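Please keep the structure in view while reading.

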Amino acid sequence: MTTSPHPPDHHLSAAERQRTCAACGRPFEPGGRTGLEAFLDGEVHYAAVHEGCSTHPAARESTIAGKLRRMRTAEAA
Ligand SMILES: [Zn+2]
């Protein structure tokens, strides 16, 4: 399955312009799937990242930490 909800030329142009992932810095694989992340730097920009990579690892970690905390609280109750 290679269908994507995103317009292909929209995120291809970002990946082609950057050539490397905004999150991990490794180059995009030819034909590999990429995602786009919006960020603010005075104005809205879009950064191309590997699918599964995120330029916001802290936010993701805090979500996991919050989940674990809720699990522990549920166990203790
Ligand atoms: Zn990456």
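## Overall fold

The protein chain contains two helices and two strands, where helices (H or I, at least four residues) and strands (E, at least two) are DSSP runs, numbered from the N terminus. Along the sequence these elements follow the pattern α-β-β-α. The model is predicted: local features need pLDDT of at least 70, side-chain atom pairs count only at pLDDT 80 or more, and totals for chains, interfaces and linings use all residues. Residues are numbered from 1 along each chain as its sequence is written.

Of the 77 residues in the protein chain, 10% are buried. A residue is buried if 20 or more other C-beta atoms lie within 10 Å of its own, exposed if 12 or fewer, and partly exposed in between, with C-beta atoms placed from the backbone.

## The strand pair

Strands β1 and β2 (residues 44–50) run antiparallel and are joined by seven bridges; two strands pair if DSSP finds at least two bridges between them. Within this pairing, E37 has A47 in β2 as its bridge partner. The hairpin of β1 and β2 has three residues between the strands.

## Residues with positive phi

Two residues with a positive phi are listed below.

| Residue | Phi |
|---|---|
| R19 | near 75° |
| G42 | near 85° |

G42 belongs to the hairpin of β1 and β2. R19, a residue other than glycine, is found in the loop between α1 (8–18) and β1 (34–40). Is R19 buried or exposed? R19 is exposed because 9 other C-beta atoms lie within 10 Å.
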